[in-house]
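Here is a short report on a few local features of one protein model. Please look over the sequence and the structure first.

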Amino acid sequence: ALAEASDEGAADLLAVLQTYLGTTEGVVAVAVDGDAYAVTIDPGILMAVGGAEGFSGSVSPLNYLVTDNGDGTWAYEMDQPVTLDYALAEQMSAKTTYGQVVMSGTFDEALGDVSEYHVEINDVVSEQTQKDLTGEAVIKMTQSGMIWDGKGEAGDNGVNSTFTMTSGEMVYDMAMPAGEGMPPMQITATVAEGSADGAITGYQPAGIYGLIAYFVAHPSEALIKGDMPGLKAATEAALPLFQNLTMTGAYTGVEVTTMMGGATINEVGVTIDMNGVVADGKFREAFDLKGLKLTDSLLPPEIMGLIPSDLSIDFTASGFDLAAAAVLGLGAMDLPVDAPMPETFDAEMMAAIMPKGTVDITIAPGTTTAAAYKLTYEGAMAVGPAAPMPVGKARLGLTGIDQINAALMASPPEMGLQDMAPMLAMAQMMAQPGVDGELVWEIETTATGGLLVNGQDMMGGGQ
């Protein structure tokens, strides 16, 4: 059975919301509405109070209907248009209107977060203007709609959540001012649709909300300095923020038009995989572009075969320790207020972040394909204070070198591409034969500064 809404319940809900949004008059209001509570949040007041110098902005009040389900969960819903606009002195201004914002979900007190949610944003129109010495740049964007759905549940180390997102057609119109030696530019980009799936493990909602509440209760530098133990406790409770975040998405039907020509792309895929503030540091980002074609290009037809149609790049950084760095940073909060950091702090922080003295950089096997050639690549390298000269290995494979050379020699002389032919010939001499006509370069860098290509030291021993 639903818990009966009451004035006492409204007061309690108001107190909870003010913990995170502050007690400034008008920011939060709660009233009984039948068996539910009408909640109004006015972020515009916070923008006016907390904005930086020269900043101004406003946003529509947000109106929610919140229902106590009587079992430790709360249902919420909203359906309204929203307008957001802001400006920074004479440098920048922006305005976005959302024709319809629909939100619904369930907040679970035991979980400390939403157990499920649904968000729809329809009919988005945005315009942003930026000014600098060269002139005024204007970016306009329209989007038909976006939908998010997600769920959360208790995990071994916090909350685990999953989400899906879909988006409709997006159109960008960008007017760029003239630069030095460059005329004004007009760029139009269209994305037919997008989608993404993601997951977060080990998320710490109670700790993160507590950290937000701390800063709401300490809105000035003086108040923060006066309660450093409170800041340390709130930060410790929020760590490690999350254990892991992954997202895989794709944008399809991409079209770009400029005065220099245009391009179409069938699909752009994006993958992100990163850890939170944990000992096993990791950040991975991958891109996969498929079906690139130039349209109305000013490039000469002789070199069109060199333009890639498909390419992929998959980059990972690992081998660092953010948890140890966080412990060191938390320890620094115990120092007297305004006390200088120990002279050894920077070196200790570097050693904490990179216990091996290096970070591992990896490029997973990837491919770039064009009409004239196919290039494959992969590699790994260790970089950091313990390796003044980055140490690693890479493999490059290429088919179609004769077609590349023919395109270079056929290109207009004024482009200067013919000057690259001798370098291409030298690279071909250093290559080893692979399978099906592939040329292979096995590359290795050494701690002494050596650069080996297929076993031959190109640096004469590192001098």
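Which residues does Thr376 touch, not counting residues up to four places away in sequence? The model is a predicted one. In it, Thr376 touches Gly366, Thr367, Arg395, Leu396, Gly397 and Glu438, with residues up to four places away in sequence left out. Thr376 belongs to strand 18, which covers residues 374–384. Its relative accessible area is 19%. The cut-off for buried is under 20%, so Thr376 counts as buried.

Phe287 sits in strand 14, residues 282–290. Phe287 is partly exposed, at a relative accessible area of 37%. Together with Ile313, Phe315 and Ile363, Phe287 makes a nonpolar surface patch of about 290 Å².

Now to a helix. Which residues of helix 7 are buried? Helix 7 spans residues 345–353, and its buried residues are Phe345, Met349 and Ala352. Viewed down the helix 7 axis, these buried residues fall within an arc of 60°, so they line one face of the helix. What do they pack against? The buried residues of helix 7 pack against helix 6, residues 322–332. Asp346 and Ala347 lie on the other side of helix 7 and are exposed.

Key:
Residues are numbered from 1 along each chain as its sequence is written. This is a predicted model: local features need pLDDT of at least 70, side-chain atom pairs count only at pLDDT 80 or more; totals for chains, interfaces and linings use all residues. Side-chain values use heavy atoms; hydrogens and water are left out. Buried means under 20% relative accessible area, exposed over 50%, partly exposed in between (1.4 Å probe, protein chains only). Helices (H or I, at least four residues) and strands (E, at least two) are DSSP runs, numbered from the N terminus. The arc is that of the directions from the helix axis to the C-beta atoms. Contact means heavy atoms within 4.5 Å. Patches are made of residues with over 30% relative accessible area and no salt bridge: like charges are joined within 9 Å, nonpolar side chains (Val, Leu, Ile, Met, Phe, Trp, Tyr) within 5 Å. Accessible areas come from the Shrake-Rupley method with a 1.4 Å probe; for residues, only the protein chains shown count as cover. A salt bridge is a side-chain nitrogen of Lys or Arg within 4 Å of a carboxyl oxygen of Asp or Glu.
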